[in-house]
Amino acid sequence: VHSTEFAMQQRKAASRSCGGGFSLCTPFIGVILIIGCSVMFASDMFITKKDGGMDVPATAQGSLEGRQSSTITQVENSNPPAAKRQKALDDAAKQAAPPKPVEPAPAPAKEKQPPAAKEQPPTLREQPAASTNSVQVVKLETPVGEIEAKQIGDPSGIPVLMVHGMAKNLVWEWEEAALALAAKGCFVTIPNFHSLEATAPGKNSKKTEQAIEALISKLKKKASDGMVLMGKSWGGGTVLSFALNHPELVSKLVMAAPAGANPKQVSELKVKEALVLWTKDDNSFSKAQGLVDARPGIQHDFQASGGHRIVAAYVPALLKFVLGTGA
C-alpha cells in the first residue's frame with residue numbers, strides 16, 4: 001500500500017512538474033513549429049519547377065525536362081538559321097511586291113521572200129485551150145530564139161500560121177481574119193518576127209525559115225499533117241519560099257500581095273492548093289495576074305479597094321479556101 005501510494009505521489013509530482021514546464025515551453029514550441037514549416041515550405045518551393053502555370057513537384061522533373069527538350073527542338077526546327085530566315089523574308093517580300101509586267105515575246109522575224117518572178121507569157125505547151133474569140137499572147141521557142149506570138153482558137157482545131165509584112169505597126173494585121181477562122185474551128189498562130197532580131201524582116205531569111213519550120217513542127221497535130229500557111233507582102237514572099245523548100249510541111253498556101261514573088265516560083269510549087277489575094281488599088285497589083293496564070297488551078301480573090309492591107313473582104317474567100325465552104 002505504501003509503495004502504491006508512493007508511486008501515485010510520484011506521478012502527481014511529475015505531473016505538476018510537467019504541467020508547469022509545458023506552460024513555460026509553449027511559446028518556444030510555436031516558434032519552432034513556424035520556423036520548421038517555413039523551412040519545409042521553402043525547401044518544397046526550391047525543389048519544384050513551373051510548367052504551363054502549374055507547380056510540378058521535383059519528382060516529375062525528369063519528364064518535364066524531356067518535354068522541354070522536345071519543345072526546344074521543335075522551336076529550333078521551326079526557326080531556321082539566319083540565312084534561311086532572311087531568304088524566307090526575301091521570298092515573302094517578292095510575293096508581296098506587284099508582279100513585273102511581262103514583256104511580249106518578240107515577233108518572229110519574217111522570212112525573206114524571194115523576189116517574185118516576172119510573169120512570162122505561157123509557152124505553147126503551157127497554153128490552155130482558148131475559146132474561139134479569146135486571144136492569148138505567148139512566147140514560142142525556136143532554134144534561133146524565143147518569138148512572141150498571138151494564138152486564137154481551140155488548139156485541137158485546124159492549125160493555121162499567119163506571117164505579117166515588113167511594117168512593125170502592122171504585125172497583128174491578120175487578127176480580124178484569124179478571129180473569123182477561129183470561130184469556125186481553126187487554131188491560128190500569128191508570130192511577131194520583129195520580136196526577135198534574128199528573124200526580123202530583111203535580116204536573115206534563112207533564120208526566119210528555120211523559125212517557121214520549128215513553129216510548124218510544134219503546131220501541127222500529127223507528123224503527117226501539113227500547115228495552112230499564110231503571108232502578106234514580106235510575109236507572102238517568105239511563105240512562098242518556105243513552101244518551095246518544105247512542101248511536105250504545107251497543106252495549103254495563101255499569098256496576099258506577096259513581095260518578091262515571081263511566076264517561075266509559083267509554077268514550081270508542089271503544094272496542091274494555093275490562093276492569091278490582092279486589092280486592085282495596091283501599087284503592086286500589076287503582078288497579080290502573072291502569078292495566077294503561072295500555074296493552073298491557083299485560086300484568087302481580087303478586091304476593088306483596100307490598098308496594101310489585109311481587108312475584111314478577104315474573109316469569105318479565106319473561109320472557103322481553108323474549110324472548103326463559103327460559110
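Begin with the whole structure, which is a predicted model. A search through all of it finds two cavities of 30 Å³ or more. The general idea behind such a search is that a probe the size of a water molecule, rolled over the atoms, shows where empty space is left. The largest cavity has a volume of about 50 Å³.

Colour them by class: the lining has six nonpolar, three polar and three charged residues. Which strand gives the most to this lining? It is E9, with three residues.

Select the loop between strand E8 (250-256) and helix H7 (263-267), where Ala257 is found. Is Ala257 buried or exposed? Its relative accessible area is 8%, under the 20% cut-off, so Ala257 counts as buried. Now look at the backbone: phi of Ala257 is near 45°, a positive value in a residue other than glycine. For comparison, most residues other than glycine have a negative phi.

Ser233 also has a positive phi, of about 55°, and is not a glycine. Find Ser233 in the loop between strand E7 (227-232) and H6. With a relative accessible area of 11%, Ser233 is buried.

Next come the aromatic rings. The count comes to two aromatic pairs. For one of them, select Phe193 and Trp234: the pair is edge-to-face, with 6.3 Å centre to centre and 70° between the planes. Why does this pair tie together parts that are 41 residues apart in sequence? Phe193 lies in the loop between strand E6 (186-192) and helix H5 (205-219), while Trp234 lies in helix H6 (residues 234-245), so the contact links those two parts. Both Phe193 and Trp234 are buried.

Then select Phe285 and Phe302, an edge-to-face pair with 5.2 Å centre to centre and 90° between the planes. Phe285 is in the loop between strand E9 (273-279) and helix H8 (288-293), and Phe302 is in strand E10 (residues 299-303), so this pair ties together parts that are 17 residues apart in sequence. Phe285 is partly exposed, at 22% relative accessibility, whereas Phe302 is buried, at 18%.

For the last stop, select Lys252 and Phe321. Lys252 lies over the face of Phe321, at 5.5 Å from the ring centre.

Key:
Residues are numbered from 1 along each chain as its sequence is written. This is a predicted model: local features need pLDDT of at least 70, side-chain atom pairs count only at pLDDT 80 or more; totals for chains, interfaces and linings use all residues. Side-chain values use heavy atoms; hydrogens and water are left out. Rings of Phe, Tyr and Trp (its six-membered ring) pair if their centres lie within 6.5 Å; planes under 30 degrees apart count as stacked, over 60 as edge-to-face and the rest as tilted. Helices (H or I, at least four residues) and strands (E, at least two) are DSSP runs, numbered from the N terminus. Buried means under 20% relative accessible area, exposed over 50%, partly exposed in between (1.4 Å probe, protein chains only). A charge sits over a ring if NZ of Lys or CZ of Arg is within 6 Å of the ring centre and within 35 degrees of the ring normal. On a 1 Å grid over the protein atoms alone, a cavity is a set of points where a 1.4 Å probe fits but cannot get out, and a pocket is an open set with protein on both sides within 12 Å along at least five of seven lines; lining residues have an atom within 4 Å of a point. Grid points are joined across faces, edges and corners, and a volume is the space filled by probe spheres set on the points. Ala, Val, Leu, Ile, Met, Phe, Trp, Tyr, Cys and Pro count as nonpolar, Asp, Glu, Lys and Arg as charged, and the others, Gly among them, as polar.
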